Amino acid sequence: MSYDPPRPAGRLLLTPEDKEAPDRTRRLRLLGLGAHPEPTLDAFAYALADLTGAPYAMVNLPGETGQFHAGLHTPAVAPFVRGDGTGALLGRALPRDHGFCPHVVARRKALVLEDVSDYPRFAGNPVVDEFGIRSYLGAPLIDSTGTVLGTVSAADVRPRAWGQRGLAAIKAQAADLVVRLELRGDDGPPPWERAARPDG
């Protein structure tokens, strides 16, 4: 698997520094990405959620100050309900210290968390308390210039045994999407747009 071993409790990892943010922001602007939601990326996220069986799927294109989900699939209602009966749905924008995608960007490699509670460095992340995220599967979008444009990821509110199959799948999805992002507009609608369900 492509994840780090658990660390002793009390040694939580801070959000890693994003030294590539200025270069990424310039590259995303050149590709016309990162400023607004993209229907084709929403369709991609829908297909990724369907593929993984996860309630959340995202195409995350982080900027210099936060994260932006240019593609997003969420359940119709919050799948995580707190003890007080409230819950929340993930939105398009998140601070940099929320979620696990900033770690994928900094590592430049996939991250598999089958149960975040097994990893003290990740268990204290705000998305665990706010959205009930318990498992995560993500891979970087590394383009032909070597720039990490962002991530594709799936997340669940229950532990998931993603396994080697899940890791291979998320890497393949990222590799396919990054090629299409660089060729956008040149080869017609991408397959996830053609295959998207009418209600999706």
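**Exercises on a predicted model**

Just after helix H1, Gly 32 adopts a positive phi of about 70°. The exercises below concern a predicted model.

**Exercise 1.** Determine which residues of helix H1 are buried, and explain why they line one face of the helix.

*Solution.*
Step 1. Buried means under 20% relative accessible area. In H1, which spans residues 21–30, the buried residues are Ala 21, Arg 24, Thr 25, Arg 27 and Leu 28.
Step 2. Viewed down the axis of H1, these buried residues fall within an arc of 165°, so they line one face of the helix.
Step 3. The face turned away from the buried side carries the exposed residues Arg 29 and Leu 30.
Step 4. The packing partners of the buried residues of H1 are helix H3 (101–107), strand E6 (148–156) and helix H6 (163–182).

**Exercise 2.** Identify the parts of the structure that the salt bridge between Arg 92 and Asp 42 ties together.

*Solution.*
Step 1. In this salt bridge, the closest N and O atoms are 2.8 Å apart.
Step 2. Arg 92 lies in the loop between strands E2 (66–73) and E3 (93–95), whereas Asp 42 belongs to helix H2 (residues 39–52), so the pair ties together parts that are 50 residues apart in sequence.
Step 3. With a relative accessible area of 26%, Arg 92 is partly exposed.

**Exercise 3.** State whether Asp 156 and Arg 160, partners in a salt bridge, are buried or exposed.

*Solution.*
Step 1. The closest N and O atoms of the two residues are 2.9 Å apart.
Step 2. The relative accessibility of Asp 156 is 3%, so Asp 156 counts as buried.
Step 3. Arg 160, at 14%, is also buried.

How values were computed
Residues are numbered from 1 along each chain as its sequence is written. This is a predicted model: local features need pLDDT of at least 70, side-chain atom pairs count only at pLDDT 80 or more; totals for chains, interfaces and linings use all residues. Side-chain values use heavy atoms; hydrogens and water are left out. Buried means under 20% relative accessible area, exposed over 50%, partly exposed in between (1.4 Å probe, protein chains only). Helices (H or I, at least four residues) and strands (E, at least two) are DSSP runs, numbered from the N terminus. The arc is that of the directions from the helix axis to the C-beta atoms. Contact means heavy atoms within 4.5 Å. A salt bridge is a side-chain nitrogen of Lys or Arg within 4 Å of a carboxyl oxygen of Asp or Glu.
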